[in-house]
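Please read this briefing alongside the sequence and the 3D view.

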Amino acid sequence: MGRKVTLATCSLNQWALDFDGNVLRILKSIEIAKSKGAKYRLGPELEICGYGCADHFYESDTLLHCFQVLKDLLESPVTQNIICDVDFAQLKLVFFCRRKILLIRPKMLLANHGNNREFRWYSPWSQPRHVEEYFLPRMIQDVTGQVTVPFGDAVLSTKDTCIGSEICAELWNPRSPHVDMGLDGVEIFTNSSASYHELRKADQRVNLVKSATTKSGGIYLFANQKGCDGDRLYYDGCSMIAINGDIVAHGAQFSLDDVEVVTATLDLEDVRSYRGERCHPHMYEHKPYQRIKVDFSLSDCKDIYLPTHQPVDWGFHCPEEEISLGPACWLWDYLRRSGQAGFLLPLSGGVDSASSACIVYSMCELLCKAVHDGNAQVLEDVQRVVSDGSYRPEDPRELCGRLFTTCYMASENSSTGTRDRARALATQIGSNHLNINIDMAVKGMLGIFSIVMGKWPKFRANGGCRRENLALQNVQARVRMVLAYLFAQLSLWAQGKPGGLLVLGSANVDESLTGYFTKYDCSSADINPIGGIGKMDLKRFLQYCIEHFQLTALTSIVAAPPTAELEPLIDGQVSQTDEADMGMTYSELSVIGKLRKIAKCGPYSLFCKLIHSWRETYSPLQVAAKVKRFFRMYSVNRHKMTTVTPSYHAESYGPDDNRFDLRPFLYNTKWSLQFRCIDQEVSLLCCWF
């Protein structure tokens, strides 16, 4: 019959500038695709060099090495007798088959929001339907025998079908290329993507892919990068294949497999019959695409007995599962690629540090499962990290003891409750747990100050002023940071083991938003798995860990009020709580954070929205007070975001100053006009409530 096609898409754990590793993963994906009968293989965006090269895209070396890798791919016997769709440097798709380049298709719509800054390095191809000749470098000419190849907005026409491509953000655009392609008879759409993980985002991709083929029919292949390719982002796979609005095959969202290939066999006649009933291209104006003819067939004349893939249901992870899996995979990529021997975490007995600890434990669970399932790469990496070539991880707790050190850093202001909670959790997850008292170091630093200045500061509870009270809290917090790095560098040395440890931070996104942490305290670490996650999500995550991992020690941690424990105890009890210090609950902070970042609200707009959503709880005057308090804290402390620890990006309202949330860090903290506008509205509204 010659109408059924087997197609392959993939998710690859590429690493920025790791050209040797990247090409091996590309070749492995092509090899797997061919073994499953595929005649077309699609890869993720910028798979040769890695998406996260950032300003390395400016370097001519990056382009040179990409061409060198392309040359290796063209020459490899693995790439023969299959159409390979490889995403090259400078956001171009290169289609090749049988040592010939068929088409170079540049990206036409760039991603320039959130964490994406593509306009910094690229210009989009701004000539729809235009194709010109591109002169190949000599090293490629020597392989292909071609001097020039088509370059531009075109589609491929094989003997049996027509293939058109869009790149990543073009799917999200209101003028997505697949719309006009479908009207022009393109039957197979492909999308090379580098779409990063955010909580509650996966269904958006799936719905977009389904919608692309629901409207005008067709087959859609979506490829995505996976893993940590060198920065704060985690690319979460989810490669998929759809036909006529139904998903028929998809990969995992979170996985330790460096190469994952998804294939499906589909009937082109299903596309044609779907379009015959629903689509009428003559009703719409569209400019036809230039077709690049390819002497190749995706189908086989003997395909009558070849079964086709049927629609499948996609079970999405709940946010608690996403927190358990995404940051755990990110941590493992970071650890194995950093050359370090494990992690060290100051474990305070509170929700935040407990969450970081549970993510490490989840990582150990994933590693043991991957080794049990036969993942040779994971086993090799684990053996290298623990410096034991005969080791085979089977028990997550035992592995946790090898990779993870936790420490409780007590002071005279610490309660027995937090100490006991930290110890109980460390015991249940199996970490190597240390108890450290910091009082001697704190008094030593205060002694130096008193010798120089002739005064000894006091806590407010002991008659000191606000400045003294804050300074005494900060010196405790900063001593903990210094000790954390000391133990991370030398604890394995003291045990006669090789390597050092990465220090983990545990400040959540809401604390970063308000600056409710000490600059250069334990929030200053090498990386932070929860820095992009809100407090309320973390509490729900810990509840999930209680049920999923049977970590019952978390029950008392979730129930305890959040506290920094930096002020003296009163009758042995905690006298300081986070929410009292901040003047608002973590739930309220989450709402404010989303309105500030996602809804783009300044003080006045924020007030105007909250007087309605908080009407049942607060008067306009109380809402105004909370809005003003938030923006004062935010603006006074914004400078802290310039030095904040690199954190796993998980929330769309994160305040990360690196590239996601670009703001000044020196504000006029009076917000005089903004607050005056709020006051005017309060005076008008008071009579309504």
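Pro311 is partly exposed, with a relative accessible area of 49%, where buried means under 20% relative accessible area, exposed over 50% and partly exposed in between, using a 1.4 Å probe and protein chains only. This is a predicted model, in which local features need pLDDT of at least 70 and side-chain atom pairs count only at pLDDT 80 or more, while totals for chains, interfaces and linings use all residues. Residues are numbered from 1 along each chain as its sequence is written, and side-chain values use heavy atoms, with hydrogens and water left out.

**Surroundings of Pro311**

- Pro311 sits in the loop between β16 (290–293) and α7 (319–338); helices (H or I, at least four residues) and strands (E, at least two) are DSSP runs, numbered from the N terminus.
- Not counting residues up to four places away in sequence, Pro311 touches Asp246, Ile247 and Val248, contact being defined as heavy atoms within 4.5 Å.
- Pro311 and Ile241 are 70 residues apart in sequence, and their C-alpha atoms lie 9.9 Å apart in space.

**Overall build**

- The protein contains 21 helices and 20 strands.
- Its radius of gyration is 28 Å, close to the 26 Å that the globule rule gives for 689 residues, so the protein is as compact as a globular protein of that length; the radius is taken over C-alpha atoms, and the rule is 2.2 Å times the number of residues to the power 0.38.
- Along the principal axes, the C-alpha trace of the protein spans about 90 × 70 × 45 Å.
- Of the contacts in the protein with a separation of 6 or more, 74% are accounted for by residues 24 or more positions apart.

**Surface and charge**

- Of the 689 residues of the protein, 59% count as buried.
- The accessible surface of the protein comes to about 28,600 Å², of which 53% belongs to carbon and sulfur atoms; accessible areas come from the Shrake-Rupley method with a 1.4 Å probe, and for residues only the protein chains shown count as cover.
- The protein has 74 positive and 78 negative side chains, and the centres of the two sets lie 4 Å apart. Lys and Arg count as positive and Asp and Glu as negative, with His and the chain ends not counted, and the place of a charge is taken as NZ of Lys, CZ of Arg, CG of Asp or CD of Glu.

**Nonpolar cores**

- In soluble globular proteins, nonpolar side chains tend to be buried together.
- The largest nonpolar core has 64 residues, and those with the most contacts inside it are Phe343, Met363 and Leu554; such a core is a set of buried Ala, Val, Leu, Ile, Met, Phe, Trp, Tyr and Cys residues joined through side-chain atoms within 4.5 Å.
- Helix α8 (residues 351–372) supplies the largest share of this core, 13 residues.
- A second, separate core of 48 residues includes Phe19, Cys66, Leu74 and Cys84.
- Leu554 touches Ala354, Cys358, Leu425, Leu542, Cys545 and Ile546, not counting residues up to four places away in sequence.

**Buried loop positions**

- Ile530, in the loop between α14 (509–514) and α15 (535–548), is buried, with a relative accessible area of 0%.
- Leaving aside neighbours within four places in sequence, the contacts of Ile530 include Asp352, Ser355, Ser356 and Ile359, as well as Leu538.
- Gly500 lies in the loop between α13 (466–494) and β20 (502–503) and counts as buried at 13% relative accessibility.

**Positive phi angles**

- Most residues other than glycine have a negative phi, and most peptide bonds are trans.
- Leu17 has a positive phi of about 70 degrees although it is not a glycine; Leu17 is found in the loop between β1 (4–12) and α1 (19–35) and is partly exposed, with a relative accessible area of 32%.
- Arg129 has a positive phi of about 70 degrees although it is not a glycine; Arg129 is placed in the loop between β5 (100–106) and β6 (131–135) and counts as buried at 13% relative accessibility.
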